[in-house]
Amino acid sequence: MTTTASVPESRHHAATRPSARAGRAGGQHRAGRIAHIVLALAALASLFPLYWTLVAASTDSHAVVSSPPPMLPGGNLFDNLGYVWHNAGGRGMGVALLNSTFVAGAVTVSTVTFSVLAGYAFAKLRFRGKKVLLGLVLSTLAVPAQLSVVPLFILTKNLGLGNHLGALILPVLVTAFGVFFMRQFLSQALPSELLEAARVDGANSLRVIWHVVFPVARPAMAVLGMLTFVQSWNDFLWPIIVMNGSTNPTVQVALAGLGTGWSTDWSVITAGALMGTLPLLLVFALFGRHIVGGITQGAIKG
Amino acid sequence: MASTTAPSRNGPAGRQDTQPPPARPAGPVAWRSRLHRWDTKGTPYALVAPFFLVFAAFGLFPLLYTGWLSFHRVSLYNVDRAEWVGLRNYTDLFTGQVSHYFWNALLNTFTLGVLSTVPQLLMALGLAHLLNYRLRARGFLRTALLAPYATSVAAATLVFALIFSPEGGMANWLLGLFGAGPVHWEAGRWSSQFAISVIVTWRWTGYNALIYLAAMQAVPRELYEAAALDGASRWQQFLHVTIPALRPTILFTVIVSTIGATQLFGEPYLFGGQSGHQGGTDHQYETLGILMYDQGFHSSMLGRASAVAWIMFGLLLLIGLVNALITRRLRGSQ
């Protein structure tokens, strides 16, 4: 998590160094102001569609497409939210939210647990075939989801799991990304001396994992957990295929139903979008700093 | 090492020690040490087993099964009857009855990929550079830029579909302010692809900017100081210090974005509303991902959909190969 570290500040150095000419320092000052303006515009572009979702979701079907478009929230927010709460996806967005929470929660717990275990083995244990197996994990990172969709559809149909939430959980019980992420973290964060000490004390593998590995892995588990939750919550292709026409959908399937239906009541559709996004925005508001750290950590591959 | 608890063990390399020590006491100690050996030998495999079981069942098996299915005619409504058709699915796509849609989808995947990755990564690089300044409200700016990442494809696309709506959409209202006529965004090839790439760019620019920012902060400060001493401007420092230091990260984001672009599905699917499953009224933004979905789950041709999936896989392998070549070339030149 390097994002909180101090920045390399050449402007600072240039300004404090006696040799820096005054005009130069002034130029650097202006550069800082331009940076602020550009970044503020970018932040506005990032946030405005979110704000505007709220505005659109609080209008009615006519006002939302009027010209000029509404810029302030109207009075229909709770009517629209109530409508999608009861009607979206057949049984309402409330059911869909519960389903998504269940699926994303189960996937997260399972992925994090199994990733720690496998990551620990790849980072710290010696066993025959380790390099080959790790190579296999890495090579699966690039296999596209589309490749397995048709057979999985057939498989779930034969297993009687069509339209079943289990079909969304089983294929992602543990991911290559999770294993690799944990391996990278543990190979640095888990001192071999600590493991040896535990061994000397007579601890068997289970005790070592429970009392040493899990506690050390906890920060990375939090990060991987949030990334996994976001990804599972937002997953689209596979749920659309396996849950098509389901009366027990996840949030994304319910939203797709709103968007591809015959009616285009945009205030209702945006109310659905708002309701489907709010839980994640909440997670994001609470743990945004960690997510930022997780993204940077996962991206810099060793 | 691991097994210093047994005093009779010979030497510190107990973990790989397989030969029994000469005077091992019998009974519970021997039992315990055997248990211990199983523990150290077997545990690693037990720990990695869940991943490989899941991968075998839901990764490798489907991969091969898709290949097998791509040589068959399989109906969506009778998935257990597969009729061997040889290369028919592939020839249908390349030269046969659906070849028009296939080449169109391949081209669209390419143009949409370029439209949505190139500006996105360039903007992310610039934003990361600015974020690297000593700034007020730094934390807020970073979090704001990352907020779109927390929205789903579905939610984001539906909102942008409204923004680009032909009647009363905000995009046309903005154009109107500048005196430009309304655009029927969904109908045109370029206008629709532009709108879709705006959605992709909106969701991922901040994410990539943060990746770049993290890499920038790992660049040794001395390099900037030396460059500043030599009289290099901010821009020159960016070109001659930051960019070369970021090369591996840039390559990484290019690969990830390219893989993402090759699989583009949710945005075009939802942008089109009723016609989304075929990538627009005129297939004007149909991607390979959409084509696979449409062939398999609308036209009920699961075999043909499998062939599309394998072609996508081949494309990704090709991209991986090019990537490996570029990486080697870059390494060689340094």
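# Two chains, one predicted model

B:Pro119 sits in helix H3 (residues 99–131) of chain B. Helices (H or I, at least four residues) and strands (E, at least two) are DSSP runs, numbered from the N terminus. This is a predicted model, where local features need pLDDT of at least 70, side-chain atom pairs count only at pLDDT 80 or more, and totals for chains, interfaces and linings use all residues. Residues are numbered from 1 along each chain as its sequence is written, chains are lettered from A and ligands numbered from 1 in the order in which they are written, and side-chain values use heavy atoms, with hydrogens and water left out.

Student: Is B:Pro119 buried, partly exposed or exposed?
Tutor: Buried means under 20% relative accessible area, exposed over 50%, and partly exposed in between (1.4 Å probe, protein chains only). B:Pro119 has 33% relative accessibility, so the residue counts as partly exposed.

Student: What distance separates the C-alpha atoms of B:Pro119 and B:Leu107?
Tutor: Along the chain, B:Pro119 and B:Leu107 are 12 residues apart. Their C-alpha atoms are separated by 19 Å.

Student: What does UniProt list for residues 106–323 of chain B?
Tutor: UniProt positions are given in the numbering used here, feature names are shortened, and annotations may be inferred rather than shown by experiment. In the model, the span is 73% helix and 0% strand, and its end C-alpha atoms lie 20 Å apart. The UniProt entry is unreviewed, and for this span it lists "domain: ABC transmembrane type-1".

Student: How many helices and strands does chain A have?
Tutor: Read along the sequence, chain A follows the pattern α-α-α-α-α-α-α-α-α-α-α-α-α. The count is 13 helices and zero strands.

Student: What share of the residues of chain A count as buried?
Tutor: Chain A has 302 residues. The share that counts as buried is 52%.

Student: How much area do chain A and chain B bury between them?
Tutor: Buried area is the accessible area (1.4 Å probe) that two parts lose on being put together, summed over both. Of the area buried here, 73% is on carbon and sulfur atoms. The total is about 9,800 Å².

Student: Across that interface, how many salt bridges does the rule find?
Tutor: A salt bridge is a side-chain nitrogen of Lys or Arg within 4 Å of a carboxyl oxygen of Asp or Glu. Over all chains the count comes to four. Across the interface of chain A and chain B, the number is zero.

Student: How many residue pairs are in polar contact there?
Tutor: A polar contact is a pair of N or O atoms within 3.5 Å; within protein, one must be able to donate a hydrogen and the other to accept it, and residues adjacent in sequence count only if both atoms are side-chain atoms. Both residues must be at pLDDT 80 or more. Across this interface, the rule finds 13.

Student: How far apart in sequence are the parts tied together by B:Glu267 and B:Arg203?
Tutor: The two side chains meet in a salt bridge (3.9 Å, N to O). B:Glu267 is buried at 5% relative accessibility, and B:Arg203 is buried at 6%. B:Glu267 lies in helix H10 (residues 266–271) and B:Arg203 in helix H7 (residues 189–217) of chain B, so the pair ties together parts whose separation in sequence is 64 residues.

Student: Which residue is linked with B:Arg88 and B:Asp92 in a network of salt bridges?
Tutor: B:Asp92 and B:Arg88 both lie in helix H2 (residues 88–94) of chain B, four residues apart. Their closest N and O atoms are 3.7 Å apart. The network also includes B:Arg304.

Student: With which side chain does the side chain of B:Gln295 make a polar contact?
Tutor: B:Gln295 is in helix H11 (residues 288–298) of chain B. B:Gln295 is buried, at 5% relative accessibility. At 2.8 Å, its partner is the side chain of B:Arg304.
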